[in-house]
Amino acid sequence: MPYLVGDVLPPGALAHIPQPTIPGDGLVLRPWSAADAPSAYQAFQDPAMRRWHLYAADSEDEVRGWIDEWVRSWKGERHAQWAVADAGTDRLLGRMALRNMELADGVAEVAYWTVPAARGRGVASRAVTALTRWAFDAIGFHRLELTHALGNAASCRVATRTGFALEGTKRSALLHPDGWHDMHLHARVRDDATQEGQEA
């Protein structure tokens, strides 16, 4: 049965290029390296990380294993992971990702975390803005989604500040250690940026 529309993004749209370093208002989103393991391990000792994320880090060696997977994932075109670092010092400030990428549909999910010392400084918002711009303009994604637990007010503020419209609530959508969480679903589409430009 023939499809009536073609793929939004062809297979290989990412895998045929090296993973880029993306600049972002005093930040860089760059590929992970093994040298990031100690800082990433320390980030996962923070109680807030344990509250909103589904996994814990028991050792730096375990985190090095994650980093190996994150680096390899680029070629698989399902998940893409970046370290967020200070543009001047290269100090690790957090992580940005495009998860659950469906190239044929032009859809991916934005995900992120920040280290405790980086919070309250707009790091997540600046990183989301940089990744969103790259995903739409450089690659050609059509729709980016962002989800967070209803109780995570900080993530809701990041989504709103970066133009991800609230589309609804996914009830009892994700199991955390303390039980099932309802999740806010936010999204941006490429046309949003065009409309913002026309209104400005």
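Is Arg30 buried or exposed? Arg30 counts as buried, because its relative accessibility is 11%, where buried means under 20% relative accessible area, exposed over 50% and partly exposed in between, with a 1.4 Å probe and protein chains only.

Before I go on, please keep in mind that this is a predicted model, in which local features need a pLDDT of at least 70 and side-chain atom pairs count only at pLDDT 80 or more, while totals for chains, interfaces and linings use all residues. Residues are numbered from 1 along each chain as its sequence is written, and side-chain values use heavy atoms, with hydrogens and water left out.

On confidence, the mean pLDDT of the protein is 92, and 96% of its residues reach 70 or more, pLDDT being the predictor's confidence in each residue, from 0 to 100. The lowest confidence is in helix H6, residues 190–199, at a mean of 62, and the highest is in strand E2, residues 27–30, at 98; helices (H or I, at least four residues) and strands (E, at least two) are DSSP runs, numbered from the N terminus. Where pLDDT is low, the predicted coordinates should not be read in detail.

Let me return to Arg30 and the charged pairs. The structure holds nine salt bridges, each being a side-chain nitrogen of Lys or Arg within 4 Å of a carboxyl oxygen of Asp or Glu. In one of them, the side chains of Asp90 and Arg30 meet at 2.8 Å, N to O. Asp90 lies in the loop between strand E3 (80–86) and strand E4 (92–102) and Arg30 in strand E2, so the pair ties together parts that are 60 residues apart in sequence.

Turning to the aromatic side chains, we count rings of Phe, Tyr and Trp (its six-membered ring) as a pair if their centres lie within 6.5 Å, with planes under 30 degrees apart called stacked, over 60 edge-to-face and the rest tilted. By this rule there are eight aromatic pairs. The rings of Phe44 and Trp113 have centres 5.3 Å apart and planes at 85 degrees, so this pair is edge-to-face. Phe44 sits in the loop between helix H1 (37–43) and helix H2 (47–52), and Trp113 in strand E5 (residues 107–114), 69 residues apart; both residues are buried. In the pair of Trp74 and Trp134, the centres are 6.3 Å apart and the planes are at 40 degrees, so the pair is tilted. Since Trp74 belongs to helix H3 (residues 60–76) and Trp134 to helix H4 (residues 123–139), the pair ties together parts 60 residues apart in sequence.

Finally, H4 itself is mostly covered, with 12 of its 17 residues buried, among them Val128, Leu131, Trp134 and Phe136. After H4 comes Gly140, whose phi is positive, near 105 degrees.
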